[in-house]
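These notes are meant for a colleague who is opening the model for the first time. Please read them with the structure in view.

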Amino acid sequence: MDRYNALHPRQSPNLRKAIADAMENDQILFGCCIGVPSEEICKVIAATNVDFVFIDAEHTPFSPTLMAGMVHTVKMYSGGRMIPVVRVPSHAHEWVGWALDAGAGGVIIPHTETAEQVRASIAAARFPPHGHRSFPPFALLPGAQQAAPEGKTWMDVASEHCAVIPQIESGLGVQNLEEMMQIEGVDAIMIGPMDLGMDLGGDPERLAEAMERIESLARKYRKPLVGFAPEHLIVDKFKAGYRIMANLADTWILQSGIDAGYKKGRDILENYQKEQRQGLPN
């Protein structure tokens, strides 16, 4: 994944190219969701081999400063191998700017329902003339941090690299999805099946119909899908057009790992005590 890096680690890696390559080559970018608001956990995950980390600032109360620090930590401790992606908590342009100024490779925009919202999110992620992202005077210092290929500025590079991923999680979003998918600058579409199912009244048939429409439109417009995928669904999701999958999450790993270790310890002790009762040698 380090081939998608910019010329300086403070700049955003080229997630747009990574997504396009995964789509072109029928591959999946596998990642881990970070829900624990901690730079320390970022250091641990950065030591693994996942392609990206998905920092969830929507469902965990991150401060902008902590979120930026987590982005920096992932990039530094992975040596640039891992691309940080931030799910921002709202459509507010400042959160998009904060995430990208920190060096994230892209942003996920939750609860997207209209084409107007999509265009506003893309504009917030692109510098003029492609958008209205504000120049960040304190993000990248003059010199090496602003390095760019000849004929370009680091801001040109940022606009080329930073991915915008609207998240669909309502009936209205599904209704307007075809128009959204045709907007230039939409790099992928994330699906929130839990919120979508609730918005559709908890009706499994309506949810299945909505998912089929989403996947059909993704095939029609060759738009990669993003989502969570437990191990037993990875192949099905791949067939449905998912090319960016978070099949791991820090909280899930902690819980399952601790439970597995606890159970193993109990089993070892119980087996030993059983052997002792049966008079077996140590």
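1. The second largest cavity holds about 50 Å³ of space. A cavity here is a set of points, on a 1 Å grid over the protein atoms alone, where a 1.4 Å probe fits but cannot get out, and lining residues have an atom within 4 Å of a point. Grid points are joined across faces, edges and corners, and a volume is the space filled by probe spheres set on the points. Around this second largest cavity stand Arg10, Gln11, Ser12, Leu100, Asp101, Arg133, Leu140, Trp154, Val157, Ala158 and His161.

2. This is a predicted model, in which local features need pLDDT of at least 70 and side-chain atom pairs count only at pLDDT 80 or more, while totals for chains, interfaces and linings use all residues. Residues are numbered from 1 along each chain as its sequence is written, and side-chain values use heavy atoms, with hydrogens and water left out.

3. Which element gives the largest share of the lining of the second largest cavity? That share, four residues, comes from α6, and both α4 (93-101) and α6 (154-161) supply at least two residues; helices (H or I, at least four residues) and strands (E, at least two) are DSSP runs, numbered from the N terminus. By class, this lining divides into five nonpolar, three polar and three charged residues, where Ala, Val, Leu, Ile, Met, Phe, Trp, Tyr, Cys and Pro count as nonpolar, Asp, Glu, Lys and Arg as charged, and the others, Gly among them, as polar.

4. Helix α4 also holds Trp95 and Trp98, which are three residues apart, about one turn of the helix. Five aromatic pairs are counted, under a rule by which rings of Phe, Tyr and Trp (its six-membered ring) pair if their centres lie within 6.5 Å, with planes under 30 degrees apart counted as stacked, over 60 as edge-to-face and the rest as tilted. The ring centres of Trp95 and Trp98 are 5.4 Å apart and their planes stand at 80°, so this pair is edge-to-face.

5. Turning to the strands, eight of them form a closed barrel in the order β1-β2-β3-β4-β5-β6-β7-β8, with parallel pairing; two strands pair if DSSP finds at least two bridges between them. From one strand to the next the twist averages 25°, with axes taken as lines fitted to C-alpha atoms, for helices over the stretch in contact, and angles running from 0 to 180 degrees between N-to-C directions.

6. Strand β1 (residues 29-34) runs parallel to β8 (residues 242-249) and is joined to it by five bridges, with Leu29 partnered by Ile244. Four bridges link the parallel strands β7 and β8, among whose residues Phe228 has Ala246 of β8 as its bridge partner. Between β6 and β7, also parallel, there are two bridges, and Ile189 is partnered by Leu225 in β7. Helix α10 (residues 204-221) lies across β6 (189-191), β7 (225-228) and β8, at about 140° to β7.

7. The largest pocket has a volume of about 350 Å³, a pocket being an open set with protein on both sides within 12 Å along at least five of seven lines. It is lined by 19 residues, of which Asp56, His59, Arg87, Phe228 and Trp252 are the closest to its centre. Two or more lining residues come from each of β6, α9 (193-199) and α12 (250-277), and the classes are eight nonpolar, six polar and five charged.

8. Two backbone details deserve a look. The peptide bond from Pro128 to Pro129 is cis, with omega near 10°, and Pro129 sits in the loop between α5 (115-125) and α6. His111, although not a glycine, has a positive phi of about 50°, and His111 is found in the loop between β4 (106-109) and α5.

Key:
Contact = heavy atoms within 4.5 Å.
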